[in-house]
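This report describes one protein model, part by part. Please look over the sequence and the structure before reading on.

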Amino acid sequence: MEKLNKIDKMMITFFIFMGIFDIVIAIVMKNFTWVICALSLFDMAIMQYCSAMLVKVKERFIGAQKRHIQLLEKHIEIQNNVIRIFAKIIQKPRKMDNEL
């Protein structure tokens, strides 16, 4: 599993802490509109986590694409060398039997 950087961890922790704080305020003040605020903060924490993980997966995917492109370039280079060799073989004049 991918590790998150410090900023993402701090943001997620902040959102969770504020959500818990809003729930405590809702219970103490008996005003349950704070629960909706808490749910939105928990939702933001989930979105921050998912966003951070998507960025990590995207970076890993781009790295895999770069490695794949390098392998394809090597393969194309090998094919070009083979084509040059075959072209040299085909272009050599052959001696005809009547020329001997």
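## An exposed residue and its patch

Phe86 counts as exposed because its relative accessibility is 52%; exposed means over 50% relative accessible area, buried under 20%, and partly exposed in between, with a 1.4 Å probe and protein chains only. Phe86 is found in helix 2, which covers residues 33-91. Helices (H or I, at least four residues) and strands (E, at least two) are DSSP runs, numbered from the N terminus.

Phe86 belongs to a nonpolar patch on the surface, together with Ile78, Val82, Ile85, Ile89 and Ile90. The accessible area of this patch is about 630 Å² in total. Patches are made of residues with over 30% relative accessible area and no salt bridge, where like charges are joined within 9 Å and nonpolar side chains (Val, Leu, Ile, Met, Phe, Trp, Tyr) within 5 Å. Accessible areas come from the Shrake-Rupley method with a 1.4 Å probe, and for residues only the protein chains shown count as cover.

## Basis of the model

The model is predicted, so local features need pLDDT of at least 70 and side-chain atom pairs count only at pLDDT 80 or more, while totals for chains, interfaces and linings use all residues. Residues are numbered from 1 along each chain as its sequence is written, and side-chain values use heavy atoms, with hydrogens and water left out.

## The chain as a whole

The protein chain has 2 helices and 0 strands. Of its 100 residues, 13% are buried. The chain exposes about 9,100 Å², and carbon and sulfur atoms supply 69% of that area.

Contact means heavy atoms within 4.5 Å. Among the contacts in the chain with a separation of 6 or more, 57% are between residues 24 or more positions apart.

Helix 1 has 24 residues and reaches 34 Å from its first C-alpha to its last, close to the 34 Å expected at 1.5 Å a residue. The expected span of a helix is 1.5 Å times one less than its number of residues.

The buried residues of helix 1 are Asp8, Ile12, Phe15, Gly19, Asp22, Ile25 and Ala26, and they pack against helix 2. In helix 2, the buried residues are Ala38, Leu41, Ala45, Ala52 and Met53. Helix 1 is part of what covers them.

Lys and Arg count as positive and Asp and Glu as negative, while His and the chain ends are not counted. A salt bridge is a side-chain nitrogen of Lys or Arg within 4 Å of a carboxyl oxygen of Asp or Glu. Asp8, in helix 1, is buried and has no salt bridge. The nearest side chain of opposite charge to Asp8 is Lys56, 6.4 Å away. Apart from neighbours within four places in sequence, Asp8 is in contact with Gln48 and Ala52.

Asp22 is found in helix 1, residues 6-29. Asp22 is also buried without a salt bridge, and here the nearest side chain of opposite charge is Lys30, at 18 Å. Beyond the neighbours within four places in sequence, the contacts of Asp22 are Trp34, Cys37, Ala38 and Leu41.

## Pairs across the helices

Ile23 lies in helix 1 and counts as partly exposed because its relative accessibility is 32%. Setting aside neighbours within four places in sequence, Ile23 is in contact with Ala38 and Phe42.

Leu39, in helix 2, is exposed, with a relative accessible area of 54%. The C-alpha atoms of Leu39 and Ile20 are separated by 9.4 Å, and the two residues are 19 apart along the chain. Asp43 also lies in helix 2 and is partly exposed at 40% relative accessible area. Asp43 and Phe15 are 28 residues apart along the chain, and their C-alpha atoms are separated by 8.7 Å.

## The loop between the helices

Which residue follows helix 1 with a positive phi? The residue is Lys30, with phi near 55°. Most residues other than glycine have a negative phi. Lys30 lies in the loop between helix 1 and helix 2 and is exposed, with a relative accessible area of 68%.
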